[in-house]
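Please read the following note alongside the model.

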Amino acid sequence: MASEEASLRALESLMTEFFHDCTTNERKREIEELLNNFAQQIGAWRFCLYFLSSTRNDYVMMYSLTVFENLINKMWLGVPSQDKMEIRSCLPKLLLAHHKTLPYFIRNKLCKVIVDIGRQDWPMFYHDFFTNILQLIQSPVTTPLGLIMLKTTSEELACPREDLSVARKEELRKLLLDQVQTVLGLLTGILETVWDKHSVTAATPPPSPTSGESGDLLSNLLQSPSSAKLLNQPIPILDAESEYICSLALECLAHLFSWIPLSASITPSLLTTIFHFARFGCDIRARKMASVNGSSQNCVLGQERGRLGVLAMSCINELMSKNCVPMEFEEYLLRMFQQTFYLLQKITKDNNAHTVKSRLEELDESYIEKFTDFLRLFVSVHLRRIESYSQFPVVEFLTLLFKYTFHQPTHEGYFSCLDIWTLFLDYLTSKIKSRLGDKEAVLNRYEDALVLLLTEVLNRIQFRYNQAQLEELDDETLDDDQQTEWQRYLRQSLEVVAKVMELLPTHAFSTLFPVLQDNLEVYLGLQQFIVTSGSGHRLNITAENDCRRLHCSLRDLSSLLQAVGRLAEYFIGDVFAARFSDALTVVERLVKVTLYGSQIKLYNIETAVPSVLKPDLIDVHAQALAALQAYSHWLAQYCSEAHRQSTQQFVTLISTTMDAVTPLISTKVQDKLLLSACHLLVSLATTVRPVFLVSIPAVQKVFNRITDASAQRLVNKAQVLVCRALSNILLLPWPNLPENEQQWPVRSINHASLISALSRDYRNLKPNAVGPQRKMPLDNTKVIIHQTLSVLEDIVENISGESTKSRQICYQSLQESVQVSLALFPAFIHQSDVTDEMLSFFLTLFRGLRVQMGVPFTEQIIQTFLNMFTREQLAESILHEGSTGCRVVEKFLKILQVVVQEPGQAFKPFLPSIIALCMEQVYPIIAEAFGQSFLQPDIHLFKQNLFYLETLNTKQKLYHKKIFRTTMLFQFVNVLLQVLVHKSHDLLQEEIGIAIYNMASVDFDGFFVAFLPEFLTSCDGVDANQKNVLGRNFKMDRDLPSFTQNVHRLVNDLRYYRLCNDSLPPGTVKL
């Protein structure tokens, strides 16, 4: 024993040294190596068993358990059976002897180690593994320990994480399923016993305002008065031990429910018991008692009770999330919903002592989250199933959901509830579409609820009603969707408004428009407060209270303008005539507001609080323009009506809009406002297309400004948009006019001079501009290329689907710029950012204007590319220039693809040279480069290149090319399989599996007959018999799900066999 004792002392001092602050990293590495070497020794476990029973040092115990864990999961097959028996016997005894004194994390680790043995040996060699757990649970002294073992078993055996063969995983699940009924019976018994034992003492509660809350809805929500009475019993006060046992039992249930199917094993009495415990979460009385009694122990007790409620709701939600409901389980579900809505009513019940909101604030935040999850699952998964039950009152449920939503104590909680309403509105919309005959009946049933919802959501986005909450929202930090918390709040609210508008258009409009009007009056009244000062104009509103009220009104106006814009789609199409006057009212107001803002230049005005009011004024102006843009499809429909009736009203609307837009197209205007004006101009030119647009003086001004060489250039995004609008005014055919009235000759001349002005600097560049003798710095040259090509590419892209005449005029105007681009291309071949932009431009040209370009010039372009993209250049692009280089090659291949796919004979002569280049240079180089990148450890590079490879296959049929099939296909499959086996890129398992399928599916026979046997033969670390089993288990399925399942089984079992073989002692003879 001396050596064990000495080893223990040495280990304790090593552990203390390792975790000491002063120990250097180098010394820590030495100690780590020493400990690893010790663990690898045969028989090290004996020392560890002694350490566990003889030390109180947590680090030593944890290390000893890690040695056992490693032994069981990595070396168990090679451990002599006598030793295994000893370990199976000693560890449970150790647990039983010390479970009450061990720190909880050591106890849990020891439980896991014993369960690991069960995972390997039960039932064959460890037949009493599960029986022992059941006995522990049934004995009152060890119930908590048995429950911890049960939960660990559910976690580790139902969904095993360690390497096990697939057959063993399936066997374990089946063994556990056989035990489910017994286990659920035991857990029900434990929870019922605790409840009943403590309910006896609480049989005569003191009178309190919360007892006996039967409420009006309960008779509807619950089938029988007895169940209502049952749920109304006071909640018992549990002692700490009972709390602990119940929380463990509920944790076990939640995990079991995550993987067992819905079946009769989940009995009504179990469900009722879980609901009893769910009441703990909404029992404010217990929390209040805890805080009144004041002791910290009582407060903890209150929190624990809340936690029981959270755990019970977790169990309910696990069951709720299952979409596949057997017929016999539907009645149970109905009962679950009734009982949960009893809780919902309890939570939202308004009485004198509490408002609903303060009641919700007092509940545990996690409980509210779980409850909201339940409501979301109810609406998204089960509503269509339950709505048909006559005894389920959906309208009353919506009333409760309404109270619950609008009294949420947090923004996140409110967002989550809005999501539930969105799901409900989607459900209602699809129900009406599928049963149009019942539309009126369905709408009548829900109309009051929807109008109430609309009004309340609109109030919630207005500072007038909800200032305190709205001011808490962050409007600066962007989230993953590139929106601020305020923008998300507004967007989600407006989605609900829009969905109600779709169902009840008249109600929605009559609710929204008066509110908009009120705020518009304030905005339009600002003119009387503008005074002239030395430096310009100033808004003469200075009192702090007035500034605050103005700020709130402007914020509300901005939100309401977005709401009105969001509703534009409900005024067009079949309902255009019926809702014409409403829409006209809106559009006239919007035109008036935008003109007013531009004329008095509110965006440049001085204010008393510039950091607040100036952004507000800019935002209102921008939102008014954006809302007007949303009505462009309505204006287009009006345009075609007006064409028939030639109405002056329409002409005035458009020309006034242009008077509002033109002053904003300036470098002096803030980007937000400038871009809104540009987008509106594009919509007028592209969607509405009035004949008279080009002749409006305000539009002429924009033409002059953009083509004036001395004028300062707008920011790139705005420049591109304005140029697109001007080009479209001249190129797009006017609606409702015959060809001979389109004035093409004049428009063609004007378009040529527009493009000539826009490309002036670009056309003056020479190919030697990048050489050593260049006159202009390279960066300046790149800026000119970028600015010009972004404008020209956008112009081409926007007319690519238009009439032949539009495309002809466009190409005539662009011809010189295209030739300059081709001459410049070779000079920039080593500048991948420029090459990328030029190829983008050429790709857009080929897609939109290839017919107009004609065969000879197309041939010249293709030949230039083929000469430039040598083997070396392709290799440089793919291997050394990262994603830009890959994009360059991808665009080059897309251009070739467009040419090859052109119908007719014109481009056929190019085919041989394109195919030769692809076969001899492009594909081999691409494959080689991708193959190399798959051997790198960088997961982002791997993911990106796997995506590119799959894209090339989708678009170019890469895997089907003869050269790829014969020389590279199975090399790639081999590399990808090895990556799966080595677990180096586990996050990409699914993507890799699909890629292997896509490659194998090109030649399934070759895969099954030649590749798979060859792959298995080359696998080291497995014997011939194991290779045969792996081969036999890979079924010859040819559909994607079965094939990828077979791939993952092969990889899993190959890893498992290697692990088994590595765990055998050296020199073991395998028969």
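1. The second largest cavity is lined by Phe-130, Leu-150, Thr-153, Ser-154, Leu-176, Gln-179, Val-180, Val-183, Leu-256 and Trp-259. A cavity here is a set of points on a 1 Å grid over the protein atoms alone where a 1.4 Å probe fits but cannot get out, and lining residues have an atom within 4 Å of a point. Its volume is about 60 Å³.

2. This is a predicted model, in which local features need pLDDT of at least 70, side-chain atom pairs count only at pLDDT 80 or more, and totals for chains, interfaces and linings use all residues. Residues are numbered from 1 along each chain as its sequence is written, and side-chain values use heavy atoms, with hydrogens and water left out.

3. The helix α9 (166-201) gives the most to the lining of the second largest cavity, with four residues; helices are DSSP runs (H or I, at least four residues), numbered from the N terminus.

4. The structure holds 60 aromatic pairs. The rings of Tyr-126 and Phe-129 form a tilted pair, because their centres are 5.4 Å apart and their planes lie at 55°. Rings of Phe, Tyr and Trp (its six-membered ring) pair if their centres lie within 6.5 Å; planes under 30 degrees apart count as stacked, over 60 as edge-to-face and the rest as tilted.

5. Tyr-126 is buried, at 6% relative accessible area (buried means under 20%, with a 1.4 Å probe and protein chains only).

6. Arg-555 lies over the face of Trp-486, 4.7 Å from the ring centre; the criterion is CZ of Arg within 6 Å of the ring centre and within 35 degrees of the ring normal.

How values were computed:
1 Å grid on protein atoms, 1.4 Å probe; cavity = no way out; pocket = protein on both sides within 12 Å on 5 of 7 lines; lining within 4 Å. Points joined across faces, edges and corners; volume = space filled by probe spheres on them. Helix = DSSP H or I, 4+ residues; strand = E, 2+ residues; numbered from the N terminus. Buried < 20%, exposed > 50% of the residue type's maximum accessible area, 1.4 Å probe, protein only.
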